[in-house]
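Please examine the structure shown here before reading the notes that follow.

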Amino acid sequence: MSVNILDISTKMLYHIYINPKRRKIMDIIVKCALDKKALAAFSRACLFKKGDPKKKLIQFTVLVAIVLALDIVLMCISSEKRMLELLIFFLGLFLLFIQLYYYFVVPAIQYKGRKKFGDVSMTVTFTDDAIKVHTCTDGASSDETVSYEKLVKVSETHDYIFVYITDRSAYVIDKSAIPENVLVELHKKFTLSFGDKYCVLNY
């Protein structure tokens with residue numbers, strides 16, 4: 001079984017193995033647990049790509065509201081039947097509904113679908129050349145190893161690190177419980193291992 005969305009719990013444990021000859025981090029091991037907030041963060045990151053999801057949603061909502069208001073004014077001051085204005089009005093409502101649906105409803109549906117697996121705990125290991133994930137659910141466990149070369153990208157926000165194994169699935173790491181020194185070493189590893197595939201998002 002492969003579970004794509006990870007969240008770091010407040011009870012996270014860290015184990016860093018250092019090669020005394022090379023004096024650089026070899027493995028970073030993190031204990032993880034599935035969380036609704038992390039799943040929502042990843043879902044919204046996929047929807048809005050490089051922008052801040054919350055700000056993008058607000059900007060889009062304001063823009064649609066302005067367009068709809070102007071459209072209503074045009075329809076009110078005109079005595080003629082304006083099919084174009086009606087089309088713009090309903091199109092704006094439809095686009096706004098789609099945005100709100102993907103922002104609020106889709107994450108809830110995804111999390112509800114994953115609850116059937118019960119409690120999910122994982123151990124994520126960053127080695128020199130691969131990410132290893134050990135997953136434990138109610139009555140089952142699995143192991144998965146993905147080489148850095150096969151990873152699509154790694155992106156980082158103020159709160160999360162997204163390790164993409166495909167364009168639509170990723171391991172999501174909550175940074176809030178990670179000690180600063182471990183974050184520094186993770187940044188070094190990401191920079192060395194992923195190069196251009198590692199990016200820091202401004203939100």
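What pattern does the protein follow, read along the sequence? The order is β-β-α-α-α-β-β-β-β-β-β-α-β, with helices (H or I, at least four residues) and strands (E, at least two) taken as DSSP runs and numbered from the N terminus. This is a predicted model, in which local features need pLDDT of at least 70 and side-chain atom pairs count only at pLDDT 80 or more, while totals for chains, interfaces and linings use all residues. Residues are numbered from 1 along each chain as its sequence is written, and side-chain values use heavy atoms, with hydrogens and water left out.

**Overall fold**
- The protein contains 4 helices and 9 strands.
- Of its 203 residues, 40% count as buried, meaning under 20% relative accessible area (1.4 Å probe, protein chains only).
- Contacts require heavy atoms within 4.5 Å; among those between residues at least 6 apart in sequence, 58% join residues at least 24 apart.

**Ser155**
- Ser155 belongs to strand β6, which covers residues 153–156.
- Ser155 counts as buried because its relative accessibility is 2%.
- Leaving aside residues up to four places away in sequence, Ser155 touches Tyr160, Ile161, Phe162, Tyr164, Cys199 and Leu201.

**The largest pocket**
- A pocket is an open set of points on a 1 Å grid over the protein atoms alone, where a 1.4 Å probe fits, with protein on both sides within 12 Å along at least five of seven lines; lining residues have an atom within 4 Å of a point.
- The largest pocket holds about 270 Å³ of space, the volume being that filled by probe spheres set on the points, which are joined across faces, edges and corners.
- Its lining has 14 residues, and the closest to the centre are Ala41, Pro53, Asp159, Tyr160 and Tyr203.
- Helix α1 gives the most to this lining, with 4 residues.

Note on methods
Buried < 20%, exposed > 50% of the residue type's maximum accessible area, 1.4 Å probe, protein only.
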